[in-house]
Amino acid sequence: MIDQSYLRRFLLPALLLAAVYACALAAIVQYAFRTFVPGSLEVGPPTLHNLARLVDPLYARVFGDSLLIGLYTAAATLLVGYPLAYALVRTPSRALRSALFVVAITPLFTGEIVRTYAWLNVLGANGFINRILLWSGLIGQPLELMFTTLGVCIALVHFSLPVMVMILAAALAHVDPRYERAAATLGAGPLRRFALITLPLSMPGVVSGFVTIFAWTLSAFATPQLIGGGRVTMISNLVYQLGFASFNFPFAAALSLAAILLTVLLLALLRWSQARVDRMAVHA
Amino acid sequence: MSPRFLSPRLVERALRLGFALLVAAIVGYVVLPAVVVAIASLNASAILAFPPDGLSLRWYATALGYRDFQRGLVNSLIVMAIASTLAVAVGAAAALYIDRSGHRLRGLLEAVLVSPMVVPNFTIGLGFLIFAVEVGQARTFGVVVVSHVVLVLPFVLRSIYVSLRNIDRRLERAAATLGARPGRVFLEVTLPMMAPGIFAGWVFAAVLSFNEFTASLFVTARSTKTLPVAMYDYVREYADPTMAALSTLFIVTTVILVVLANRLVGLDRILTMESPR
């Protein structure tokens, strides 16, 4: 047995970092329970007022909208991501697979601001889509894509796609292609093979992808900020506005705390549904 | 179930073609914004318009000459260099500990360090801002760097785990049997074998830190503004194609980096957590 006592020394930097991170999260919790003093960055005595305000219809609506956008985005990302992940896993050509991988993954690394700006060019009143449609005579008036939930969702699906494809590809890589071949030998057509074999076996990835993207959209900021333009507001935008326009950090902290709790809840849901799907897979 | 006059082979072919077209359409959707922004960046006139009125490279000159972008680039490079290096050092040590020690709290430590992957960036940004104000570190590079380290660490941990799992532990035991002390085994056997994962983690961390926007918007001040924040400010104020030129440079650089990283270390393995056996 090798002496591994040296490992303990490796722990210190990570513990330190974890402690600082915990302090940052604790700062949110602490501020969420403090009184806002208008015109000052100092906070007042402890209060429950900020948390009580969360159920104010004005703010509850933003939560509702965020969740709705998250749901739409997760569903659409699943539909767009599944074929791409399937092609990524099953394409026999290595070169094609590499190319698909680079296409699928690059948006993850170009950053939210560049991607969102690019979408402004596509969705704007003078943007690519409207120019093409106007030029072709299909529409007489520019479509309203900016400042709409549809526009925000189109860009958010693009933002979420790399993560979805990664999750689905990992799940599909575990589906043994021999099952499909066996079914084909037994006379099952391609659609039946997909519906009865590939799809059920990739269910863990589908569930985890859906919930992960749902939670992931809650962290989107630049996309709803620039494409929503104040008319489509998500929690992140509200927090920023409260913090930097009205300097109401206590209420911004309360909203952030709610967003963190919501994320934790979604992850718990993910764990729970994964366990269920796994059990179903075992019994199948 | 298909009508008789359609032979199964014909159906199979049609479906295959349909699937290929579907995938091509999805690829088109993914690539569309990049292509549109590249075309817009070449526009001669100052308004975004399709098709461009004429071709010109003047917006590239404007973008490269813009003071806020230059300062943002320098700040971003400084933050990126320090944050990614720190993240790799902390991450490699932590990954080794989590992978090898039997301590019962290691699961908790891992959960905390990986959580920034799911905790929304804006809450992390707000938390660090409030904390920095409380300890008198607001408007410093320190808070920007630390928040970036926290945000990129999950990805560093991932890529280092993969390389740790590929290590043949028998080599370490062989070195120990031959009389090497634990420190020497670590330096001469374990560390070199971790190198690909460490390198991949470092590239990952650097790219993610360079592009981080949401948390940076909260923790940066005028003097520590990073490039993505400077770009956001520009988009809010001006509508000329300068941003399109800069975005195009960004996208091209990123594609080159992703292709290179994929060649060098097989990004697909790290991202999908496929540990080859």
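Over residues 63–270 of chain A the chain is 79% helix and 0% strand, with the end C-alpha atoms 20 Å apart; helices (H or I, at least four residues) and strands (E, at least two) are DSSP runs, numbered from the N terminus.

This is a predicted model, in which local features need pLDDT of at least 70 and side-chain atom pairs count only at pLDDT 80 or more, while totals for chains, interfaces and linings use all residues. Residues are numbered from 1 along each chain as its sequence is written, and chains are lettered from A and ligands numbered from 1 in the order in which they are written.

Turning to chain B, the unreviewed UniProt entry places the feature "transmembrane region" at several spans, including residues 77–99 and 111–133. Residues 77–99 of chain B are 100% helix and 0% strand, with end C-alpha atoms 31 Å apart, whereas residues 111–133 of chain B are 74% helix and 0% strand, with end C-alpha atoms 27 Å apart.

How many residues does each chain bring to the contact? Chain B gives 80 residues and chain A gives 74, where two residues are in contact if their C-beta atoms, placed from the backbone, lie within 7 Å. On the side of chain B that touches chain A, helix α1 (residues 8–41) of chain B gives the most, with 17 residues, and by class that side has 61 nonpolar, 12 polar and seven charged residues. Here Ala, Val, Leu, Ile, Met, Phe, Trp, Tyr, Cys and Pro count as nonpolar, Asp, Glu, Lys and Arg as charged, and the others, Gly among them, as polar.

Now to one helix pair within chain B. The axes of helix α3 (residues 67–100) of chain B and helix α10 (residues 227–237) of chain B come within 7 Å and cross at roughly 155 degrees, the axes being lines fitted to C-alpha atoms, for helices over the stretch in contact, and the angles running from 0 to 180 degrees between N-to-C directions. α3(B) and α10(B) are therefore roughly antiparallel to each other, a term for angles over 145 degrees. The residues of this contact divide into six nonpolar, two polar and one charged.

Finally, Leu227(B), found in helix α10 of chain B, is in contact with Phe69(B), Gly72(B), Leu73(B) and Ser76(B), leaving aside its neighbours within four places in sequence. Is Leu227(B) buried or exposed? Leu227(B) is buried, because 28 other C-beta atoms lie within 10 Å, and the cut-off for buried is 20 or more.

Technical notes. Angles under 35 degrees count as roughly parallel, over 145 as roughly antiparallel, 65 to 115 as roughly perpendicular and the rest as oblique. A residue is buried if 20 or more other C-beta atoms lie within 10 Å of its own, exposed if 12 or fewer, and partly exposed in between; C-beta atoms are placed from the backbone. UniProt positions are given in the numbering used here, feature names are shortened, and annotations may be inferred rather than shown by experiment.
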